[in-house]
Amino acid sequence: MNKFLISFFLISLELYCQDFEGKIEYKISYKVISDKESEANLKRDLGTKITFVTKNGFYKEITDSEYMNYILYNPNENKLYFTDKLLPKTLFFYKGDKLPNTKIIYKIFKNAETILGHICNKLVYKTEKYEIAFYYSKDLKIDPKYFKNFTYLNKNKNTEIMKSIFLKQIVTTKNYIATTVASKIIFVKISDKEFIKPLHEIIKEQ
């Protein structure tokens, strides 16, 4: 085997052994199952696309939604910061451990789907109010230690099970079904500057 091929395989092995660092582009679609919701309102409020950026447990999401159009998680602080378009001067935040884990029932389906060339397992978990299905690949690893105290919405439990970034998510509620699917995965080095907390006149805990 020549030196080029050896280098290629070593680089590939390194990428798939370490935590995923890079960007993922997602698209979101909706199916309305109740007359209490409309597709237009869901697209406006929750958005139709997400740019997800992550490195060493830090992550940022930018969407075209009215609510939580910018999200930043700082694992050192265990805080989830976000903004709403309706209140542009305010930076809100949740403490990751503010609420305890909720009781869930979950099941895993192996090799459920291939997304962008990555074979994904499927994690389905249910609460009293909703059901979520995550499709995740071992190729896009994430260390659960970054989220061990992030009990809000069971983030620590989900990450402990998957140990990966999800490539597809289906949220089923009594009013609608929201499907988020990765359209592009970019393996790239991310600057720490991406995760600097934005300056706002008001910082408010939720």
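Is Lys60 buried or exposed? Select Lys60 to begin: with a relative accessibility of 9%, this residue counts as buried, where buried means under 20% relative accessible area, exposed means over 50%, and partly exposed lies in between, computed with a 1.4 Å probe on protein chains only.

Before going on, note that this is a predicted model, in which local features need pLDDT of at least 70 and side-chain atom pairs count only at pLDDT 80 or more, while totals for chains, interfaces and linings use all residues. Residues are numbered from 1 along each chain as its sequence is written, and side-chain values use heavy atoms, with hydrogens and water left out.

Lys60 lies in strand E3 (residues 58-63) and Glu194 in the loop between strand E11 (176-187) and strand E12 (202-205), so the pair ties together parts that are 134 residues apart in sequence. Strands (E) are DSSP runs of at least two residues, numbered from the N terminus. Glu194 itself is partly exposed, at a relative accessible area of 26%.

Next, select Arg44 and Asp45, which form a salt bridge with the closest N and O atoms 2.8 Å apart; Arg44 is partly exposed, its relative accessible area being 43%.

Finally, move to Glu131 and Lys126, whose salt bridge has its closest N and O atoms 3.7 Å apart. Glu131 is partly exposed at 27% relative accessibility, and Lys126 is partly exposed with a relative accessible area of 44%.

Terms used: Salt bridge = Lys/Arg side-chain N within 4 Å of Asp/Glu carboxyl O. Helix = DSSP H or I, 4+ residues; strand = E, 2+ residues; numbered from the N terminus.
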